[in-house]
Amino acid sequence: MDTGLVKDAKGEVIPAHFIQRLKFECNGKDVFVADWGTAVSKDPYVKFSFKGAKKGDDLKVSWTDNKGGSDTTTAKIS
């Protein structure tokens, strides 16, 4: 979560690198989507609730960043 406005020890600007989209899906439906920018902290805490899930359903979490990187993981609802 680098803003592109901070300099390193040598005085050179650290290029911007941050998560642009965070998405949670359950049973094939989006339940939480966030479009982020440079103002989000390096280690953000995300909390939300939604209806329609049952214990044992999969919650898919995915993200994409401003450099084209992405990842996805799945967790079970308990």
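Predicted model: local features only at pLDDT ≥ 70, side-chain atom pairs only at ≥ 80, totals over all residues.
The model contains an open sheet of four strands, ordered β2-β1-β3-β4, with antiparallel pairing. From one strand to the next, the twist averages 15°. Seven bridges connect strand β1 (residues 19–26) with strand β3 (residues 58–65), in the antiparallel sense. Within this part of the sheet, phenylalanine 24 has valine 61 in β3 as its bridge partner.

Four aromatic pairs were found in a search of the whole structure. In one of them, the ring centres of phenylalanine 24 and phenylalanine 32 are 5.7 Å apart and the planes stand at 75°; the pair is therefore edge-to-face, the cut-off for this class being over 60 degrees. Phenylalanine 24 is buried, at 11% relative accessible area, whereas phenylalanine 32, at 24%, is partly exposed. The rings of phenylalanine 48 and phenylalanine 50 have a centre separation of 6.0 Å and an angle of 25° between their planes, so this pair is stacked. Both residues are partly exposed, with relative accessibilities of 26% for phenylalanine 48 and 28% for phenylalanine 50. Phe24, Phe32, Phe48 and Phe50 belong to one aromatic cluster.

The search for salt bridges over the whole structure gave five. One of these joins aspartate 35 to arginine 21, with 2.7 Å between the closest N and O atoms. Because aspartate 35 lies in strand β2 and arginine 21 in strand β1, the pair ties together parts that are 14 residues apart in sequence. Aspartate 35 is exposed, at 56% relative accessibility, while arginine 21 is partly exposed, at 37%.

A salt bridge is also formed between lysine 76 and aspartate 58, whose closest N and O atoms are 2.9 Å apart. This pair links distant parts of the chain, with lysine 76 in strand β4 and aspartate 58 in strand β3, 18 residues apart. Lysine 76 has a relative accessible area of 58% and is exposed; aspartate 58, at 37%, is partly exposed.

For aspartate 57 and lysine 54, the closest N and O atoms of the salt bridge are 3.9 Å apart; the distance criterion is within 4 Å. In this pair aspartate 57 is buried, at 11% relative accessibility, and lysine 54 is exposed, at 55%.

Technical notes:
Residues numbered from 1 in each chain as written. Heavy atoms only, no water. Phe/Tyr/Trp six-rings, centres within 6.5 Å; stacked < 30°, edge-to-face > 60°. Buried < 20%, exposed > 50% of the residue type's maximum accessible area, 1.4 Å probe, protein only. Pairing = 2+ DSSP bridges. Helix = DSSP H or I, 4+ residues; strand = E, 2+ residues; numbered from the N terminus. Axes fitted to C-alpha atoms, helices over the stretch in contact; angles between N-to-C directions. Salt bridge = Lys/Arg side-chain N within 4 Å of Asp/Glu carboxyl O.
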